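Student: I have not looked at this structure before. Could we go through its side-chain packing step by step?

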Amino acid sequence: MTKTDDIYSSPHRELQRFAFDEQVVEVFPDMIQRSVPGYATIIAMTGVMAGRYAKDGSHCYDLGCSLGASSLAIARETAERDIRLIGVDNSAAMIERCRDYCRQSNTTIELRCEAIQDTEISNASVVVLNFTLQFVPERERQALCQRICDAMRPGGILILSEKIKFADDHLQELNTELHHAFKRANGYSEMEVAQKRSALENVLIPETLSQHQQRLKSCGFSSVDVWFQCFNFASMVAIK
Ligand code: GEK
């Protein structure tokens, strides 16, 4: 049983920058499910795509794995195959809890507590960045995506899911409001939505779909598709 996210349900006199600490880990499954439209679909389809593209004798990476939702979905779809599954997160609290989940579900995932900008990547057939690149400093994103592409086997895939922004002001406003309405429909109050938004300011930096697509192309991915979008959340697949 996971706890209900009530972190921002009472007024915070001084809002701290959002961090993936013990308090967040406690409520994370509930928080992400109620905050990200399409989260369950994206995780399940990450597993399905990995099942198709993961190659025997290769590595699959879940970068920013949190509690291992994507890794566990990949593990389910690649059971009995000769694939090394690696999860990376720089939050010690997340990795510790993820380790418990892996143990409980009898799943073997190599977990690394380190920055995805520094982690070694090689012989990859599948790399997943589900809602993680948005937390990496903007100036470091190109080098990271380049390193991922370089470490990937031809025919391998990168699954990149992100909160996105819109170049068109009208669409930016509409999708922001629709996302907030989604959160309210999931039980968050106006105050919770507003406080979370402030805490994430300058921590989660979204980019437009075309920025992502151009970057992926410039790194050497030959095909890039947006396979899922709901409001200002999207998931792309890039094929090397
Ligand atoms: C899921 N993928 O359930 N290096 C390593 N980890 C990082 C870094 C970094 N530079 N920056 C942030 N993180 C997961 C959800 S959550 C998304 C991913 C969200 C980690 C951070 O500690 C957190 O666990 C994760 O990336 C982002 O599908 O909460 O919106």
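Student: Is F20 buried, partly exposed or exposed?

Tutor: This is a predicted model, so the answer is a value computed from it. Buried means under 20% relative accessible area and exposed means over 50%. F20 has a relative accessible area of 28%, so F20 is partly exposed.

Student: What is the centre to centre distance in the aromatic pair of F20 and F135?

Tutor: F20 lies in the segment before helix 1 (22–35), while F135 lies in the loop between strand 4 and helix 5. The pair thus links distant parts of the chain, 115 residues apart. Their rings are edge-to-face, with 90° between the planes, and the centre to centre distance is 5.1 Å.

Student: Which residues do ring pairs link into a cluster with F20?

Tutor: F20 also forms an edge-to-face pair with F18, at 5.2 Å centre to centre. F18 counts as buried, at 8% relative accessibility. The cluster joins F20 to F18, F28 and F135.

Student: Which element gives the most to the largest nonpolar core?

Tutor: The largest nonpolar core has 28 residues. Elements that each supply at least two of its residues include strand 1 (58–63), strand 4 (124–130) and helix 5 (138–150). The top contribution is four residues, and it comes from helix 5.

Student: The charged end of which residue sits 4.0 Å from the centre of the Y188 ring?

Tutor: Y188 belongs to a second, separate core of 25 residues. The charged end of K183 sits over the ring of Y188, 5.1 Å from its centre. The residue at 4.0 Å is R34.

Note on methods
Residues are numbered from 1 along each chain as its sequence is written. This is a predicted model: local features need pLDDT of at least 70, side-chain atom pairs count only at pLDDT 80 or more; totals for chains, interfaces and linings use all residues. Side-chain values use heavy atoms; hydrogens and water are left out. A nonpolar core is a set of buried Ala, Val, Leu, Ile, Met, Phe, Trp, Tyr and Cys residues joined through side-chain atoms within 4.5 Å. Buried means under 20% relative accessible area, exposed over 50%, partly exposed in between (1.4 Å probe, protein chains only). Rings of Phe, Tyr and Trp (its six-membered ring) pair if their centres lie within 6.5 Å; planes under 30 degrees apart count as stacked, over 60 as edge-to-face and the rest as tilted. A charge sits over a ring if NZ of Lys or CZ of Arg is within 6 Å of the ring centre and within 35 degrees of the ring normal.
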